[in-house]
Amino acid sequence: MAGFFERLFSPQPKKRVPLVVALNKIDRFPPGDWDHLINCPSEEQTKNIDARCQEVARRIARTTGIPRDQIVYYSALQYYRTETLVSALISATELGFKFGDFNYFDFTDKITDPRALKVVEKNDERRKYRGKKPIGELFLEVLKQKVSQEDYERFKEQYDTMMSVPPKVMLLGQTGVGKTQTVCALLGLENLGVSHLDVGTLKMEEHRLESSGGKIDLIDLPGYGVNEQEDAKYYEMYKDALAKSDVVLLIIEATNRSFAQDEKMIQQLLNWMGSEEV
């Protein structure tokens, strides 16, 4: 057992692409008859969302080579399917368990039907654990019963050291894709307190963002997709940010009809990731 935990807490070669592609604003798909009482799309809208997003995800996976399970779709505005976004970040990121304790919003947080909300509050397992000990601490409590005191102290020291450094997330996307709403949903924050996200920044900016459930170091960058000349100006900035990031969260507006600019950026990121320069 000691050997297992030794490997767990030791740096390992990255086996997966540290990139999550997130298709946002799925609540805008037709027929647009979102049921706000239970905060879910209608049956017809659900079919349209699934069909369109699955098609886009297959195309992006095919043209770029990114793993299919690192392409997710959600609505940051409605907190719908945010759990898939958290899961993708955990899966794609080395030491991804740092995302596991986020008190992220999900669709139940916008239910307006009192009867539906009462049922949710009774049966929603996630709500039962809000405010409880983080899963990492629970893991250490179990570990303490399984290993020697010396091993436990060593593992706890390594764990505390790792958890003291938040995951560094490189946030990228074209202007207006919903970056602010996405980060708020992930951290369970009504107000992010960073006004320029989605409005447009012209330089790389870093922010330490915290909530009761976790914290991240966010690297915010200028949007791409204006034109080739404009994008090229930011490439060195993107490469610098990539070199110090744990994961890239690239947000796309799901209702777009063309994803050529996004696919080009994904491919460029993957090329940089495979280069010795990064």
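Here is a walk through this predicted model, from its sheet to its salt bridges.

Let's start with the sheet. Six strands make up an open sheet with mixed pairing, and their order is E2-E1-E6-E3-E5-E4. At the edges sit strand E2 (71-73) and strand E4 (205-211), each with pairing on one side only. On average, neighbouring strands here are turned by 25 degrees against each other, ignoring direction. Helix H3 (residues 82-92) lies across E1, E2 and E6, and it runs at about 165 degrees to E1.

Now look at strands E3 (residues 168-173) and E5 (residues 214-220): they run parallel and are joined by four bridges. Val 169, for instance, has Leu 218 in E5 as its bridge partner. Since Lys 168 belongs to E3 and Asp 217 to E5, the contact ties together parts 49 residues apart in sequence. Both residues are buried.

Asp 217 has another residue to check out: His 207, whose C-alpha atom is 5.7 Å from that of Asp 217, although the two are 10 residues apart along the chain. His 207 is found in strand E4 and counts as buried because its relative accessibility is 18%, under the 20% cut-off.

In total there are 16 salt bridges. One of them joins Glu 263 and Arg 59 at 2.6 Å, N to O. Glu 263 sits in helix H10 (residues 260-273) and Arg 59 in helix H2 (residues 43-64), so this pair links parts 204 residues apart. Glu 263 is buried at 11% relative accessibility, while Arg 59 is partly exposed at 32%.

Definitions and conventions. Residues are numbered from 1 along each chain as its sequence is written. This is a predicted model: local features need pLDDT of at least 70, side-chain atom pairs count only at pLDDT 80 or more; totals for chains, interfaces and linings use all residues. Side-chain values use heavy atoms; hydrogens and water are left out. Two strands pair if DSSP finds at least two bridges between them. Helices (H or I, at least four residues) and strands (E, at least two) are DSSP runs, numbered from the N terminus. Axes are lines fitted to C-alpha atoms, for helices over the stretch in contact, and angles run from 0 to 180 degrees between N-to-C directions. Contact means heavy atoms within 4.5 Å. Buried means under 20% relative accessible area, exposed over 50%, partly exposed in between (1.4 Å probe, protein chains only). A salt bridge is a side-chain nitrogen of Lys or Arg within 4 Å of a carboxyl oxygen of Asp or Glu.
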